[in-house]
Amino acid sequence: MRRVAVVGVGCTKVGELWDKSLKDLVVESATKALDDAGIDNIDVVYVGNALAQILQNQSNLGSLVADCLGFEGIPAISVEAADASGSLAFHEAYKAVKFGWADKVLVVGVEKMSDSSSEEVSKALMTFEDQDYVAFTGITQAGIHALLLKFYMEKFGVKHEDIAMFAVEAHKKASKNPYAQFRNLIKLEDIFRSPVVADPLRLLEHTTLADGSASLILCPLEEAKKLKLQPIEVLASSTATDRFFLHERADMLTFNSTVKAAEKAFKEAKISRDQIDVVETHDSSTILGVISLEDLGFVEKGKGANFVVEGNITIDGRLPTNTMGGLKGRGHPLGATGVYQLVEVVWQLRGEAGENQVKNVKVGLTHTVGGVGSFASVNILGCLG
Amino acid sequence: MKPSKNVGILGYGGYIPVYRVKTSEIARIWGRDDDYLQAEEVAVASMDEDSVTMAVEAARYALKRAKVNPEEIGAIYIGSESKPYAVKSSGTIVAEAIGASPNITAADFEFACKGGTEALQTCIGLVAARMIKYGLAIGVDTAQAAPADELEYTVACGGAAFLVGPKTENTIAYFEGSTSYVTDTPDFWRRAEEPYPSHAGRFTGEPAYFRHIINAAKNLMDELGYKPEDFDYAVFHQPNFKFPVRAGLMLGFTRKQLEPGLLIPSLGNAYAGSALLGLVAVLDVAKPGERILLASYGSGSGSDAFSIVVQNNPSKGNPTPFISRLLSRKKYIDYAEYAKYRRKIVF
Amino acid sequence: MTIASAPRYWREIKYRYRLIGSRCLKCGKIYFPHRHICLVCGHRKLEDYKLSEKGVVEVFTVIRRNYPLGYEKNAPYIVGLIRLEDGVKVLSQIVDCHPEEIKPGMLVELTFRKVKEDGKKGIIEYGYKFKPIFR
């Protein structure tokens, strides 16, 4: 087993990128990552994507990406885990290097959503849940989040406004991220003036269609030292699942997938939670952001919203979270999101995060969720040496 | 027609959807006088209801009362002129929904508003012949009327189901006999590709409705040796308020005998569900020993008349809602919602 | 518009029409929807189990935007989590009432409704929904 490092990162802007096709996005982020690493060939590529088969009618993405990048003949693996596909691709790539199977590995996360209508996307998002008994009811992903939101508020006596603050915080950081989908600041009043998507969840609490691609390059730590002054090490990468049907879970407000993945990651990295300097977590809606902070173990169940309201997740707060805007602010191009989170932690570790730079970052954690918690991935990167 | 062996009703159920539109609201849209109206309000099925879903509800009510094993139902016949599939029997879906498949015969009957009573006759025949143990007969419709047509002021949605089987001392009621009167009389029809029916105005009265109902009822009474006084109730098909009342009076029945079965003012005309829902309303209040005349009318034309004798108190221990309860459970909608639910707005 | 799959719909008919789930023959745990392997004890033999037709609403929402294709005609509609009398939970639309009329803990019962239609030519998909208990 070898120690693994990230030696190159790159990404496109996130948004409705009308001029860019799926392939255009891939080439842009991957070439940026290759240039950043100073290399021009790789052993294998891992692709993370959630909905190309449905929205773009395009399968066989591994081969497609290898081809459009000009890497003839290399092994190419495409993986899918709903909106955690990017993290899963990273996880597989990490294993490949760790266990000595490959030396230079490219991870590409990509998603192209804006070619489709909102209704098509809404239907496609429900492919992350059971088709015959959950999607069949006509519920939307926002609807499931709304049920969780209501349940959470009733159970813990928390105000909707406090949970909604997660989105306000997200936009604050996104406004300073040149790659972010949303550059505007929003206030709580804006959120509660926005239309109700599914009672009581508001439009501005939930992510929307986004295109984007993020890439990174992995290699053994020893090789990385030869290439870069300050290689970023992958300290841990783990995944876990939870019961597929939300209503079959003992506690709907705890994603055991996150809990288990976090436990494994902290154990593998041999560090404790108070050593984490930045967190990139899964706020596809405000309530999921709150639940994630709790399931990751940073705050007690039921106290997540309060934690945010008290100012703990700001850039100079106790636990800087979603430092480049998170899913809500930077955007959520599904299969690419997991890789964006990793790229952002690398920026933080390198001191390249611009206006959102957190001081003295040594360890960062990323957390991505697939569907409504049926899958989760936790990754820990660090610059300890 | 007298069955060779007595056939009784083991369970029955009526279903009326929640929504209502006031006929004055329909009149408002089309600029009509509202002192002409035959019904005050009519029942409207929701967007996600159709004849099949209503048939299932009525059938489930009937089964709750009858408490029989659905697998022992040998036939399911549904009379309707608003089948969601022109080709694919509604009976197949209802049978599956109540757990009666697959050892069952099923078919859909069409004879305008008398499809349900035909289903009943057929079930009676099969039970009497001991070809089946139990039969389920349903009359149900989401009645259609073209926008601004006169029919819009009466058409409604609803249906009723009857589970019949061999008469025992526990059956709710039994059939003494049935008579039909059928001719080729084109008073009201719907061509195969058309969404709405057409009718011949005043021709639907004397030569159609009255001729067939009066003849069927008279022939039944003659065959059984009865006079109007031998009946406690008379239920007729109700396309409007005037026709069933006039037919009843012409046959010698009194208003008292007619009233319990007259649902048109608060329900409307549920086509193949109309007469059978009237029968359900009567059974809800009938007492043992009482006799009911039922006469349906189907345009095209024909009438099925029945004589039914009540054995056990139908309302006693009834686990399902009474018609009066179903009628009082209502939410009003305006014409726009009505047009949307009834697919008059095509999208 | 995709054409709905008739065989896929047909396979689920008895489960969706009559609310049939599974019960583990070893530990007795009940599931809806049906499954082959028990999540609790891992046993591989589960029998068909007819669930109770009555329950209470635990939590619900109203879907107001971005209707999945095929569901827009019923908009807006209520979807809730219902805890049936036998303890099993089921996600389902709730009909015949306005959102303001629903309260957590409200009693509901099974009803049979159209869930979606495949345009004018395709099949009609029927299934379970719940409505306020009515006597």
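Two strands are taken to pair if DSSP finds at least two bridges between them. Helices (H or I, at least four residues) and strands (E, at least two) are DSSP runs, numbered from the N terminus. The structure is a predicted model, in which local features need pLDDT of at least 70 and side-chain atom pairs count only at pLDDT 80 or more, while totals for chains, interfaces and linings use all residues. Residues are numbered from 1 along each chain as its sequence is written, and chains are lettered from A and ligands numbered from 1 in the order in which they are written.

In chain C, an open sheet is formed by three strands in the order S2-S1-S3, with antiparallel pairing. Strand S2 (30–31) and strand S3 (46–50) of chain C are at the edges, each with a single partner strand, so one side of each has no neighbour in the sheet. Five bridges join strand S1 (residues 20–24) of chain C to S3(C) in the antiparallel sense. C:Ser22 lies opposite C:Asp48 of S3(C).

Chain A comprises domain 1 (4–116 + 209–232) and domain 2 (118–206 + 235–382), with bounds that come from an automatic or database domain assignment. Taken over C-alpha atoms, the centres of these two domains of chain A are 22 Å apart. Contact (C-beta atoms, placed from the backbone, within 7 Å) involves 39 residues of domain 1 of chain A and 38 residues of domain 2 of chain A. On the domain 1 side, H4(A) gives the most, with seven residues. That side has 22 nonpolar, 13 polar and four charged residues, where Ala, Val, Leu, Ile, Met, Phe, Trp, Tyr, Cys and Pro count as nonpolar, Asp, Glu, Lys and Arg as charged, and the others, Gly among them, as polar.

Between chains A and C, the contact takes 27 residues from chain A and 24 residues from chain C. On the chain A side, helix H5 (118–125), helix H6 (141–156) and strand S5 (196–198) each give two or more residues. H6(A) gives the most to this side, with six residues. By class, the chain A side has 13 nonpolar, seven polar and seven charged residues.

In chain B, helix H5 (residues 205–224) packs against helix H6 (residues 242–251) at an angle of about 40°, with the axes 10 Å apart. Axes are lines fitted to C-alpha atoms, for helices over the stretch in contact, and angles run from 0 to 180 degrees between N-to-C directions. The residues of the contact of H5(B) with H6(B) are nine nonpolar, no polar and no charged.

Conventions:
Two residues are in contact if their C-beta atoms, placed from the backbone, lie within 7 Å.
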